Amino acid sequence: MSVDLVGKRLCIDDAEVELTAREWSVLECLVRRIGSIVSKERLQQAVASPDQDITPNAVEVHVSRLRAKLGTAAIVRSLRGLGYRLEEAKSA
């Protein structure tokens, strides 16, 4: 998996993966702190727009969709009561 934060491109196995703007915001937030815990509140702030708030449940939906698109390339781990952590997939 390779992530180009400037060009907003995600490639998995040399194939580009299309993300929505909000999925990209979640991924970018997690990638910038890979291996560290990112609170759900921080992801809410990253995904919300100035004219529209976003609920914690909406963050869970975006994380779920991002997980599906990442497949086995990376793991977005839920840490109950703390937030989420992006982990690189283990090579076999």
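Residues are numbered from 1 along each chain as its sequence is written, and side-chain values use heavy atoms, with hydrogens and water left out. In this predicted model, local features need pLDDT of at least 70 and side-chain atom pairs count only at pLDDT 80 or more, while totals for chains, interfaces and linings use all residues.

Student: In what order do the elements of the protein run from the N terminus on?

Tutor: Happy to start there! Helices (H or I, at least four residues) and strands (E, at least two) are DSSP runs, numbered from the N terminus. The protein has 3 helices and 5 strands. Their order from the N terminus is β-β-β-α-α-α-β-β.

Student: What radius of gyration does the protein have?

Tutor: The radius is taken over C-alpha atoms, and the globule rule is 2.2 Å times the number of residues to the power 0.38. For 92 residues, a compact globule would come out near 12 Å, and the protein agrees with this at 13 Å.

Student: Is Cys 29 buried or exposed?

Tutor: Buried means under 20% relative accessible area, exposed over 50%, and partly exposed in between (1.4 Å probe, protein chains only). Cys 29 has a relative accessible area of 10%, so this residue is buried.

Student: How many disulfides does the count come to?

Tutor: A disulfide is a covalent bond between the sulfur atoms of two cysteines. Here the rule asks for a pair of cysteine sulfur atoms within 2.5 Å. By this rule, the count is 0 disulfides.
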